[in-house]
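Here are some notes for a colleague who is opening this model for the first time. Please keep the structure in view while reading the points below.

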Amino acid sequence: IAVITVFSSALLGHSLFNVMAGEEQDRFSRYYKSIQICQGDSLWSIADEYRENSTMTVEEYIKELRTMNQLRSDTIHAGQYLTVMYFEENKK
C-alpha cells in the first residue's frame with residue numbers, strides 16, 4: 001500500500017506541475033526581436049533579461065539562443081546582432 005501511495009503521489013504531483021506549467025505558458029506569448037550586443041553582454045545576462053515570464057531555466061534559454069542564432073559556442077561580441085525571444089502576457 002505504501003508503494004502505491006508513493007507512486008500515486010509522485011504521479012499526481014508531476015501531473016499537477018505539468019498542468020500548472022501549461023497554464024503559465026498559456027498566459028504568455030513568445031515574441032522575437034533582434035538586439036545588438038553591447039560591451040560586457042553575455043548569453044547569461046541576455047537570458048536573465050529576456051527569459052522573464054517564461055518557464056525556461058537560464059540553461060534552456062541559452063541553448064535555445066544558441067540554436068536560433070546558429071552559435072557554435074557561448075562567445076558573443078559587441079556589435080554582433082542576435083535574435084532573442086521574450087515573453088509578454090496575453091491580453092484578454
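1. Start with the outward side of helix 3. The face turned away from the buried side of this helix carries the exposed residues Glu 59, Lys 63 and Thr 67.

2. Helix 3 spans residues 58–68, and its buried residues are Val 58, Tyr 61, Ile 62 and Leu 65. Seen down the helix axis, these buried residues fall within an arc of 100 degrees, so they line one face of helix 3. An α-helix has 3.6 residues a turn, so residues three or four places apart point the same way.

3. What do the buried residues of helix 3 pack against? Their partners are helix 2 (43–50) and strand 2 (81–89). Just after helix 3, Gln 70 takes a positive phi of about 50 degrees.

4. Next, the overall layout. The chain has three helices and two strands. Read from the N terminus, the order is α-β-α-α-β. The chain counts 92 residues, and 22% of them are buried. It exposes about 6900 Å², with carbon and sulfur atoms supplying 54% of that area. Consider contacts between residues at least 6 apart in sequence: 68% of them join residues at least 24 apart.

5. Then the core. The largest nonpolar core has 18 residues. Those touching the most other members are Ile 35, Leu 43, Ile 46, Tyr 61, Ile 76, Leu 82 and Val 84. Strand 1 (28–36), helix 2, helix 3 and strand 2 each give two or more residues to this core. In soluble globular proteins, nonpolar side chains tend to be buried together.

6. Leu 82 deserves a look of its own. Beyond four places in sequence, Leu 82 touches Lys 33, Ser 34, Ile 35, Ile 37, Leu 43, Ile 46, Asn 69, Leu 71 and Ile 76.

7. How many salt bridges does the structure hold? There are two. In one, the side chains of Glu 89 and Arg 27 meet at 3.2 Å, N to O. Glu 89 lies in strand 2 and Arg 27 in helix 1 (residues 2–27), so the pair ties together parts that are 62 residues apart in sequence. Glu 89 is partly exposed, at 44% relative accessible area. Arg 27 is partly exposed too, at 35%.

8. Arg 66 and Asp 74 also meet in a salt bridge, at 3.2 Å, N to O. Arg 66 sits in helix 3. Its relative accessibility is 25%, so Arg 66 counts as partly exposed. Asp 74 has 31% and is partly exposed. Leaving out residues up to four places away, Arg 66 touches Leu 43, Leu 71, Arg 72, Ser 73 and Asp 74.

9. Asp 48 belongs to helix 2. Is Asp 48 buried or exposed? Its relative accessibility is 51%, so Asp 48 counts as exposed.

10. Last, confidence. The average pLDDT of the chain is 82, and 71% of the residues score at least 70. Over residues 16–22, pLDDT stays under 50. For that stretch the model has one contact beyond four places in sequence. Where pLDDT is low, the predicted coordinates should not be read in detail.

Key: Residues numbered from 1 in each chain as written. Predicted model: local features only at pLDDT ≥ 70, side-chain atom pairs only at ≥ 80, totals over all residues. Heavy atoms only, no water. Buried < 20%, exposed > 50% of the residue type's maximum accessible area, 1.4 Å probe, protein only. Helix = DSSP H or I, 4+ residues; strand = E, 2+ residues; numbered from the N terminus. Arc of directions from axis to C-beta. Contact = heavy atoms within 4.5 Å. Areas by Shrake-Rupley, 256 points an atom, 1.4 Å probe, with all protein chains shown as cover. pLDDT = per-residue confidence, 0-100. Core = buried A, V, L, I, M, F, W, Y, C linked by side-chain atoms within 4.5 Å. Salt bridge = Lys/Arg side-chain N within 4 Å of Asp/Glu carboxyl O.
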